[in-house]
Amino acid sequence: MSDTEIVYVHGRRVWDSRGRPTVEAEIMLAGGGVGRAIAPAGASTGTGEAVDLRDGGAAFGGYDVTRAVQAIRDDIAEEILGRDAADQAGLDHAMIALDGTANKSRLGANALVAVSMAAAHAAAAEAGKPLYRHLGGEDATLLPLPQIQIFGGGAHAGGRVDIQDFMVMCPAAENFAQALDWTAEVYRAAGSLMAEAGTLQGVADEGGWWPAFGTNEQALETLVRAIERAGFRPGEQVGIALDIAASQFGKAGNYKLGLEERTLDSAGMIDLLTGWIARYPIDSIEDPLAEDDAEGFAAFTRAVGGRVQVVGDDFLVTDAARLHQAADAGAANTVLLKPNQRGTLTETVAAWDAAKQRGYSAIVSARSGETEDVTIVHLAIGWSVGQLKVGSFARSERMAKWNEAVRIEEALGPMARFAGGAVLGRSK
Ligand code: PGA
Ligand code: ZN
């Protein structure tokens, strides 16, 4: 028996940052290595995502996961006991075949992703290495440029403003730890601006300040003022990243902006966003158009893709095949990588490989429903992706990730390189 043979598989129900049930998997190997991982959950999910299997019914608003947990204990355990955890692709393909559906709806992508990540952790533990090193070897030295939310809107704030994420990036920081230092000051300054305006009302789902604004653009203005108040030069030291999450309010070429009481077509949305890009220091825009608007995506990318990251989240759903289609059409230039959108690490890394092949950048991303699980930080560094999006700078399910990257940067010492502005195509 090899040391990396799986000898124990367990699923359990634990709880996420919204107080909803979620799935944890635990795996032990013959050599004693143990790995554990928890599935996250989205709220503004793309229709092309693999299925998050929920029980429905009355308990916990229908969000219970007893079926997904049972799938780990029964079908998945039976399939993977005796397999080699060091063969991630073999393990993941066995689970994909066992599920047998195109969207993981039988066993649940939440069950699969927890097991897939737990197996990676177990194999790393068995090798006596941190996961990022196990995945990337000696080359795993690139610390990501973080996108950190300051105001949270859209589906994460009861639709209070249309736009979902108002974030900052610190491309001019010297290292990852300094990017956090700067962000902490901007986050604090934004909170004090809200307090002075009498609109400080707690935080949204990912820890960003509650967006008590009259227009979407007012949020942008406040963000620029927060950057300045924190002592930074907007656009130069600290830039803006937005997640429009346009699938939440746009369908079939109609975009209903609730806050501004108007409906725009695809061209109108593009005008609105290019206007913002002209007036505010915006470096990155995610899901500017809806997931069903590939033509709009391509038109927007033609208009601004040379200077701005155009990120596909709901549009690309961490899917290598969709990324190839988008690249053929010239739509987007960056892909968000969310392991639970597909259900396995192997498929997630396939999307990253496709991105590299087609000249796309990538951002490893958390979900709005998160836990103390920090696997994605190791993926971002282990795969040298260069960017990481985790939500805001508050609440421990977010801070756990930022703190893990701080530890890894410290452990790498002089080997550590910070992705900085170079990932955005900027020289220092
Ligand atoms: P979600 O939001 O996890 O609710 O899908 C995150 C995002 O849209 O990037
Ligand atoms: Zn998104």
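Biologist: Leaving aside neighbours within four places in sequence, which residues is P211 in contact with?
Modeller: P211 is found in the loop between α5 (176–196) and α6 (216–229). Helices (H or I, at least four residues) and strands (E, at least two) are DSSP runs, numbered from the N terminus. Contact means heavy atoms within 4.5 Å. Beyond its sequence neighbours within four places, P211 touches G152, G153, A157, R160 and V161.

Biologist: What kind of model is this?
Modeller: Residues are numbered from 1 along each chain as its sequence is written, chains are lettered from A and ligands numbered from 1 in the order in which they are written, and side-chain values use heavy atoms, leaving out hydrogens and water. Local features need pLDDT of at least 70, side-chain atom pairs count only at pLDDT 80 or more, and totals for chains, interfaces and linings use all residues, for this is a predicted model.

Biologist: Does P211 count as buried or exposed?
Modeller: Buried means under 20% relative accessible area, exposed over 50%, and partly exposed in between (1.4 Å probe, protein chains only). P211 has 0% relative accessibility, so P211 counts as buried.

Biologist: What separates the C-alpha atoms of P211 and G153?
Modeller: Along the chain, P211 and G153 are 58 residues apart. G153 is also one of the contacts of P211. The separation of their C-alpha atoms is 6.1 Å.

Biologist: In which strand is L337 found?
Modeller: L337 is buried, with a relative accessible area of 0%. L337 belongs to residues 334–337, which form strand β13.

Biologist: How many of the six residues of strand β15 are buried?
Modeller: Strand β15 covers residues 387–392. It is largely enclosed by the rest of the structure, because the number of its residues that are buried is six of the six.

Biologist: Which residue in β15 is the bridge partner of I148?
Modeller: Two strands pair if DSSP finds at least two bridges between them. Strand β5 (residues 145–152) and β15 run parallel and share five bridges. In β15, I148 has as its bridge partner G391.

Biologist: Which residue of β15 does S365 stand opposite?
Modeller: Strand β14 (residues 361–365) pairs with β15 in the parallel sense, over two bridges. The residue of β15 opposite S365 is K389.

Biologist: Which helix does the chain cross through from β14 to β15?
Modeller: This β-α-β crossover is right-handed. That term applies if, with the strands pointing away from the viewer, the path from the first strand over the helix to the second runs clockwise. The helix on the path covers residues 375–382 and is α12.

Biologist: Which residues are the protein donors of the zinc ion (ligand 2)?
Modeller: Donors are N, O and S atoms within 2.8 Å of the metal (3.2 Å for Na, K and Ca); water is not among the atoms, so sites may look incomplete. Here the donors lie 2.0 to 2.2 Å from the zinc ion. In sequence they are spaced D-x42-E-x26-D. They are D243 (OD), E286 (OE) and D313 (OD).

Biologist: How many residues apart in sequence are the parts that D243 and D313 tie together?
Modeller: D243 is buried, and so is D313. D243 lies in strand β7 (residues 239–243), and D313 in the loop between β12 (309–312) and α9 (320–329). So the pair ties together parts whose distance in sequence is 70 residues.

Biologist: At what angle do helix α2 and helix α11 pack?
Modeller: Axes are lines fitted to C-alpha atoms, for helices over the stretch in contact, and angles run from 0 to 180 degrees between N-to-C directions. Helix α2 (residues 88–99) and helix α11 (residues 345–357) have their axes 8 Å apart. They pack at an angle of about 110°.

Biologist: Which residue in the turn of the β2 and β3 hairpin has a positive phi?
Modeller: Strand β2 (residues 21–29) and β3 are joined by five bridges. Their hairpin has four residues between the strands. At a positive phi of about 100°, the residue in the turn is G32.
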